[in-house]
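Please work through each task before turning to its solution.

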Amino acid sequence: MSALANKNQKKELKEVKKFNLRKYREYNKMMRKKRVPESEYLTKMKNPENIIEFDNLQSYFYTDVGTVKAVDGVSFDIPRGKTIGVVGESGCGKSVTSLSIMRLLQGPQGQIAGGEIRFNQQSTGRVLNLAKASIKEMEKIRGNEISMIFQEPMTTLNPVFTIGDQLCECISLHNPQMNKKDVEQRALETLKMVGIVREGILKNYPHELSGGMRQRVVIAMALACDPQLVIADEPTTALDVTIQAQILDLLRELKNKINASIMLITHDLGVVAEMADYVVVMYAGRVVEQGTADDIFHHPAHPYTIGLMKSRPMLNQKVDRLYSIPGNVPNPVNLPAHCYFKNRCESCVEACSGAYPAMISLSETHKVSCHLHREAGAAVRQAGGAKKQTGGKQNVQ
């Protein structure tokens, strides 16, 4: 029996390698394309007020043990001038979603397998599908119109180059018409925006700065070219509470100053409550709930969101131990056909063993993917249909 199992395992491994090889070849063929016709990546926004629209995004990693579905059908929007908070446990696909926007997934293992990332490009008036855009097009966008604040500033900054070299490179690359003196002046102005007034910092190396100063430099690099969208991936990780508050105030102030949108990825629900206009809750590579900050914090609907809210420390409550959601995130290689949260859910019903729940609208802004709210979703749809028939007017008797 063990010999048969071993034989089957080898056969499965061979099939996986064969499948991966085919995907790697497709990826390399795409990357070798010198010119991609605009018709392949030009598209239209569903709502012109959005800066980014994710539509069924699928980002997979093809490994020797199988296909890791890190992001599996994510759909949500980032409105212009708003802050979107993306929350969830480690391994839920938050960072992979942000890296997919920038097309920074490490290929050929990591690839965007399907879906669209529609980008409303203000500078040209075009709408680009970033999932299929050419690398040449992406090089114009990265750091210029869409920029990213990475998790750890010490590893983001190159230790063998000065702060000035790294900051000026970003500015000169996207502004070839500027001379060296203008570039340095722009770098100093950007550093002043983030609260660094010492000109000599341009000659310093990353290891000569504190954690807070390094994080400010990384933020300055992200904002140097006045981007339309700033992706902040755990921007306050490993910083003390005082510096954390300063960084958040800085991001809020700069967002209003340059009218940018922010995609804020964090584990800290307090940061989300303070910063975000809208909140997206991710679990096992999918969006399980989304809505305004008020919807999520005052009316959480998904059992996972409710569990996250219960795990927060409360000032007016004394408990011996903080609540912890039982169990672990499922293996992304062999995800079940039913709801991914089923085995950890305290409110599980019979329907949870069936097909994965569709996204249900609880209101105009609040959506949830859970079988517990099918009746509420049906009532909302019925009310919406009645409102549409009466031309948006209510009958008064």
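The exercises below treat strands, cores and aromatic rings in turn.

This is a predicted model, in which local features need pLDDT of at least 70 and side-chain atom pairs count only at pLDDT 80 or more, while totals for chains, interfaces and linings use all residues. Residues are numbered from 1 along each chain as its sequence is written, and side-chain values use heavy atoms, with hydrogens and water left out.

**Exercise 1. Strand S1**

Determine which strands pair with S1 and in which sense.

Solution. 
Step 1. Strands are DSSP runs of type E with at least two residues, numbered from the N terminus; two of them pair if DSSP finds at least two bridges between them.
Step 2. S1 covers residues 50–63, and 11 bridges join S1 to S2 (residues 66–79) in an antiparallel arrangement. Phe61 stands opposite Val68 in S2.
Step 3. With 2 residues between them, S1 and S2 form a hairpin.
Step 4. S1 also pairs with S4 (residues 110–120), antiparallel, over 8 bridges. Here Ile52 stands opposite Phe119 in S4.
Step 5. Of the 14 residues in S1, 10 are buried (under 20% relative accessible area, with a 1.4 Å probe and protein chains only).

**Exercise 2. The nonpolar cores**

State which residues touch the most other members of the largest nonpolar core.

Solution. 
Step 1. A nonpolar core is a set of buried Ala, Val, Leu, Ile, Met, Phe, Trp, Tyr and Cys residues joined through side-chain atoms within 4.5 Å.
Step 2. The largest nonpolar core has 56 residues, and Ile52, Phe76, Leu130 and Ile146 touch the most other members.
Step 3. Apart from this core lies another of 34 residues, including Ile149 and Leu202.

**Exercise 3. Aromatic rings**

Describe how the rings of Phe54 and Phe76 are arranged.

Solution. 
Step 1. Rings of Phe, Tyr and Trp (its six-membered ring) pair if their centres lie within 6.5 Å; planes under 30 degrees apart count as stacked, over 60 as edge-to-face and the rest as tilted.
Step 2. The structure holds 6 aromatic pairs. In one of them, the centres of Phe54 and Phe76 are 4.6 Å apart and the planes stand at 35 degrees, so the pair is tilted.
Step 3. Phe54 belongs to S1 and Phe76 to S2, 22 residues apart. Both Phe54 and Phe76 are buried.
Step 4. The rings of Tyr340 and Tyr356, with centres 4.8 Å apart and planes at 55 degrees, also form a tilted pair.

Terms used: Buried < 20%, exposed > 50% of the residue type's maximum accessible area, 1.4 Å probe, protein only. Helix = DSSP H or I, 4+ residues; strand = E, 2+ residues; numbered from the N terminus.
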